[in-house]
Structures are given as structure tokens and as C-alpha cells.
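Notebook open, structure loaded. I'm jotting down what I looked up, roughly in the order I looked.

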Amino acid sequence: MRDRGQYMCQINTSPMKNQVGYIKVVVPPHIDETLTSKDIDVREGDNVSLLCSSTGSPEPEITWRREDGEPISLGSEKVLSVGGNYLNISKVSRMHMGAYLCIATNGIPPAVSKRIFLGINFSPMIWIPNQLIGAPLGTDVVLDCHLEAHPTSVTYWMRESGVIIISNQKYVSVDVSQENYKGQLRLTIRDLEPDDYEIPGPSNARGVLPAISEKLRNDLSDNSITDKSAPKENHGSKDTDDVIRPYQEDTEPENVNSSAPVHTYKLLHVLVLLVSFQPRLVPR
């Protein structure tokens, strides 16, 4: 860059002759890591501004894109790319969570990019795909629950009595998937037997499994979830899906050591019942 400027070639004759030339030095783009934004976590509903600082000659142009190729939501508008050193997003939601690329180009190869991960912190929520599950004795039954949380939540299944369910030959708990803030838990109860049910009374021929809860906890301090916490997307029909709101329990199970609040979701209190269909004996 120091060599850039005007140069003159001169011939000392009479009269004197000279020729003036200009040297332009081109430099490929470079992203200044000290001035560019780092990975950041913000609360849902806040405003966020990401900065990408670059140098080069000619001056680089900055373009922002999502790493996954999805469009960037800016209010009611969705765009595939945003130009400029700043990426400003108002009232971020969990849908904005992900990795963003700031790409610097100036026509001199190679182009360079910087990856910045934007995390959105929000209180955990959970919903169930099936409200009613039927299974006869001696068979296996599967309970599914879908959850959304960031930071990543601590999850476990428990009986209504407060006993935490540990995976063994009887119970198998599996974390089926986890993508960004979304996850799915699956509990398989093997070989249903009478001890798995509580019988309401002799007038009711159905056996109902004692309520099983799925608990999750993250590092947020909110004790409630508002409507804006639920993603505005279709999880199924109103007859089969239900978003379960959390409540606070006075005590925390002994097996969990943390000062963070515990959000409890009673799955089977919302008609998520395991029903034992027992054949009736017809007298001959």
C-alpha cells in the first residue's frame, strides 16, 4: 500500500520531457477480528446488531447471509441477504437463532467470510403430539414429547410420586433429535402390567397409568411463559396437539442439583392417559 501513488519519468533535454504514471495497489479483503462481532446470546424480544469490519483495496463490500441458506426475517420482510457492515434485527425470536456469515468481497480474490452464531434465550416449552394412547397389558407403549429451549435444557421423566425414571429394562428414555433449540424425547414402557396402572375403582373397568411428567430446566430465571414463547407454526390439529404450560413446584427432586428454576409439565394430566383395554368375560 505504501507504493501506491504517482511516479514521474523525466528526460533532461532541451526542452525537458517527462511522463507521469499512477500505480494503484490492490489488496484482497480481510476481516478485522478485533472489531467484528463475536458469537452472542440475547433474550427473545431484544434488539440485536451485528458488526462486520473489513479492510482491503478497493474497499470491500459486506454481505450478510444465514449459513443454512434460510431467509433472514426483518420484520414482515424476508430476504436472502443483507448488505452493509451492520446487520440489525429488531425484536428477535427463536426463529432468528442460527449461524450468520458476513462475506467481504472487493473483486480481488479470495473473498473472505466470518461465522457468527446468534443464540436466542427463552423459557422452555413443551407440547405433546398425542393426547390419548391406548395399549393392552403385556405390550410396549411409547410416550413422545416435543420441547423447545435455549440454553439447552436438563430433561428427565418422573412419576407423579416424584420418583425420577432411570433407563433400564422396564423404561427406555431416548433423546430422538436435537436441532438448534428443538428437541424430542421418547419414553418406552415395556411389558405393561397391572403395577403400571392405578385402578380408579370397581365401577371403572379402565386402568389408568399414574401420571408421568417430563421435566426440563435451563438457566433462565423466568417463572412463566407467555403466548409469545410458543412458535407460530403448525404442530398438528387442535384435537391432537396441546401446548403444556409450566408451573413451579415447591421442592425439587433430590437427584437434581441446581439452583436454576425447574419448569414442570404434567403430560398425563391433560388426557394423556394409558388405557388398558381388558377383555370382558361373557358367561356362556
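Before anything else, a cut-off for my own use: a charge sits over a ring if NZ of Lys or CZ of Arg is within 6 Å of the ring centre and within 35 degrees of the ring normal. The model is predicted, so I keep in mind that local features need pLDDT of at least 70 and side-chain atom pairs count only at pLDDT 80 or more, while totals for chains, interfaces and linings use all residues. Residues are numbered from 1 along each chain as its sequence is written, and side-chain values use heavy atoms, with hydrogens and water left out.

**Entry: the ring and its charge**

I went to phenylalanine 122 and found the charged end of arginine 94 over its ring, 3.8 Å from the centre. Then I looked for aromatic pairs (Phe, Tyr or Trp rings, the six-membered one for Trp, with centres within 6.5 Å; planes under 30 degrees apart are stacked, over 60 edge-to-face, the rest tilted). The structure has one. It joins phenylalanine 122 to tyrosine 181, with centres 5.8 Å apart and planes at 85°, so I log it as edge-to-face. Phenylalanine 122 is in strand β13 (residues 112–128) and tyrosine 181 in the loop between β17 (171–179) and β18 (182–189), so the pair ties together parts 59 residues apart in sequence. Strands here are DSSP E runs of at least two residues, helices are H or I runs of at least four, and numbering starts at the N terminus. Both phenylalanine 122 and tyrosine 181 are buried; that means under 20% relative accessible area, with exposed over 50% and partly exposed in between (1.4 Å probe, protein chains only).

**Entry: cysteines**

How many disulfides does the structure hold? One, taking a disulfide as two cysteine sulfur atoms within 2.5 Å. Cysteine 52 and cysteine 102 form it, with the sulfurs 2.2 Å apart. The S-S torsion is about 55°, so I noted a right-handed disulfide. Since cysteine 52 lies in the loop between β5 (48–51) and β6 (54–57) and cysteine 102 in strand β12, the pair ties together parts 50 residues apart in sequence.

I stayed on cysteine 102, which sits within residues 98–105 of β12. Its relative accessibility is 0%, so it counts as buried. Leaving out residues up to four places away in sequence, its contacts include Ile31, Ile62, Trp64 and Val112, a contact being heavy atoms within 4.5 Å. Isoleucine 62 is 40 residues from cysteine 102 in sequence, yet 6.4 Å away C-alpha to C-alpha.

I checked two further cysteines. Cysteine 145 is buried at 0% relative accessibility, whereas cysteine 9 is partly exposed at 48%.

**Entry: β11 and its partner**

β5 and β11 run antiparallel, joined by four bridges; DSSP must find at least two for strands to pair. I found valine 48 opposite isoleucine 89.

**Entry: a loop residue, then totals**

Glutamine 169 is in the loop between β16 (154–159) and β17, and at 75% relative accessibility it counts as exposed.

For the whole protein I wrote down zero helices and 23 strands. Of its 284 residues, 40% are buried. Among contacts between residues at least 6 apart in sequence, 65% join residues at least 24 apart.
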